[in-house]
Amino acid sequence: MMINFYSVTSTKRSTLLLQILLVIGLGFSFSVSATYPEKPIKLIVPFSPGGGTDLVARTVAEGMSRDLNQSVVVENKPGAGTVIGTDYVVKSAPDGYTLIVATFAQAVNPSLIKNMPYVASRDLIPVAMVGNSPNVLVVLPNSEFKSIADVIAYAKKNPGKLTYASQGNGTSAHLAGELFTSLAQVEMVHIPYKGASQAITDLLGGQVSMSFATASAAANLVGAGKLRALAVTTKERSAGWPKTPTMIEAGVKDYYMESWYGIFAPVGTPKEIVDRLNKAVLQSTKTSYFSTRLADEGLMAKPGSPESFGQYVANEEARWQKIIQNAKIKLD
């Protein structure tokens, strides 16, 4: 039976309109969840290839591809302390086909960078946390520095002569170094690069003194004897680095930081898609492929909901805002 929309009362028209919109909305929701993904998904890494974030992204992408039965393609868009890659994703369509592997930098950039082109907490929606891991202070195996005490003693006698490399301004390696110089009360020079691989290359070549590298970037080189690990940055020793002391154990009181990795999508991405992606990420972290490639390097999987990941990042942002202000940390 056909209904003449204009022949019913205004109240009935309103009720009928709401019912029609509800049916359309439910149909759209069903079609999104039933057909997604219909094409390859881009996973943006805001760093150069070869670093820790790149390794995490490619490992997770492989597991996601299997779970989604669709290709998840990693694209590197480095620069400006992750701002270039993040801005690209913020400006992408909220359809679940362009995602970003966010890092520690997302939580600290608001306190370090003025006039950013986006507000991450407003313009991105959390999908899933992948995991977290320590940073590791590494030097060359023939370095005169055998301990953190050696580094501090030299830095106090030679202010400004030690250099440390990072994968970019505002990254975990940068802030790990700034926190170290602040708490140890020493002066060191930060040398930023456009990615972890470039930073590690110059460290191996002797162009810089050390690096507060991510565990993912340093593990293989330490294992091969090409770098020496002096300390990890977490409160407790890492399962992947059981013989390496923490900064606190090494004498740097109150020192604590961790790298983390998680996936975000542009705000406005339908909840059904976010939930589907969350499931794919969590399934990926449960695979033996993931544990073999990353867990041994210190990365601990942290499965959870989009909401719990969002709260974690908000807490990190608030914590580092206080640290940055109190230590008067500024970008180079």
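Biologist: Which residues line the largest cavity?
Modeller: The largest cavity is lined by Phe47, Thr53, Thr103, Phe104, Ala105, Gln167, Thr171, Ser172, Thr214, Ser259, Trp260 and Tyr261. On a 1 Å grid over the protein atoms alone, a cavity is a set of points where a 1.4 Å probe fits but cannot get out, and lining residues have an atom within 4 Å of a point. This is a predicted model: local features need pLDDT of at least 70, side-chain atom pairs count only at pLDDT 80 or more, and totals for chains, interfaces and linings use all residues. Residues are numbered from 1 along each chain as its sequence is written, and side-chain values use heavy atoms, with hydrogens and water left out.
Biologist: How many cavities of 30 Å³ or more are there in the whole structure?
Modeller: The search finds five. A volume here is the space filled by probe spheres set on the points, which are joined across faces, edges and corners.
Biologist: What about pockets, what volume does the largest have?
Modeller: About 230 Å³. Of the 14 residues lining that pocket, Asn132, Thr234, Glu236, Glu258 and Met300 are the closest to its centre. A pocket is an open set of points with protein on both sides within 12 Å along at least five of seven lines.
Biologist: And the second largest pocket, which residues line it?
Modeller: Among them are Gln106, Leu124, Phe264 and Glu317. The volume of the second largest pocket is about 170 Å³.
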